Amino acid sequence: MTETATANPVDAPGVIARPPNLVFATVLLGLALEWLRPTHLPGGRLCSALGIALVAGGVALMAAAMRQFRAAGTHVETWRPTETIVTHGLYARTRNPIYLAMIAIYTGIALGVDSAWLLGLVVPLALVLRYGVIAREERYLERKFGEPYRAYCAAVRRWL
């Protein structure tokens, strides 16, 4: 019998939850609120078109950012150890293109389904990602990589 390798819990950022699960849970919460008390956004087709553009742009951004991680030989998943700091390409402009993509996709869904509830939950979602995920990742990366990571943080913004 062989055992499968598991991630060392010490060599991981210890985020509060997997980020896609946080986004999915927030969508479900917004849809539940929408079901209980329906809302509508002004803008009609313009909102729908903007929503489609945000989802498409978010998916493209996420795919490109994930490709960069994989090409650098590091893990995208937050429960696995980070092998290297990616500082080129998208990561030279923002330290968190995947989380930006998640927020864009989420906002696009909110606009696409015409829900003020979903749109209103984007700020709490961003705050949970910022403090429950990103802050923990940043502490982990600083412990693991030290000065090179601090220099990267000084040179590149967290969001945009």
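Among contacts in the protein chain of this predicted model between residues at least 6 apart in sequence, 76% join residues at least 24 apart. Of the 160 residues of the chain, 40% count as buried, and along its principal axes the C-alpha trace spans about 50 × 40 × 30 Å. The secondary structure comprises 6 helices and 0 strands, which, read along the sequence, gives the pattern α-α-α-α-α-α.

Helix α5, made up of residues 122-145, and helix α6, made up of residues 147-155, have axes that come within 6 Å and cross at roughly 135°. On the α5 side the contact is made by Glu138, Leu141, Glu142 and Phe145, while α6 contributes Glu147, Pro148, Tyr149 and Arg150. Divided by residue class, the contact of α5 with α6 holds 4 nonpolar residues, no polar ones and 4 charged ones.

Tyr149, one of the α6 residues in that contact, also takes part in an aromatic pair with Tyr152. The count of aromatic pairs comes to 2, and in the pair of Tyr149 and Tyr152 the rings lie 6.2 Å centre to centre with 50° between the planes, an arrangement classed as tilted. The two tyrosines are 3 residues apart in helix α6, so they are separated by about one helical turn. Tyr149 is buried, with a relative accessible area of 5%, and Tyr152 likewise counts as buried, at 8% relative accessibility.

| Residue | Relative accessible area | Class |
|---|---|---|
| Tyr149 | 5% | buried |
| Tyr152 | 8% | buried |
| Cys47 | 13% | buried |
| Cys153 | 23% | partly exposed |

How many disulfides does the model contain? The count comes to 0 disulfides, where a disulfide would require a pair of cysteine sulfur atoms within 2.5 Å. Cys47, with a relative accessible area of 13%, is buried, whereas Cys153, with 23%, is partly exposed; the two fall into separate classes because buried means under 20% relative accessible area.

Notes:
Residues numbered from 1 in each chain as written. Predicted model: local features only at pLDDT ≥ 70, side-chain atom pairs only at ≥ 80, totals over all residues. Heavy atoms only, no water. Buried < 20%, exposed > 50% of the residue type's maximum accessible area, 1.4 Å probe, protein only. Axes fitted to C-alpha atoms, helices over the stretch in contact; angles between N-to-C directions. Helix = DSSP H or I, 4+ residues; strand = E, 2+ residues; numbered from the N terminus. Contact = heavy atoms within 4.5 Å. Nonpolar A, V, L, I, M, F, W, Y, C, P; charged D, E, K, R; others polar. Phe/Tyr/Trp six-rings, centres within 6.5 Å; stacked < 30°, edge-to-face > 60°.
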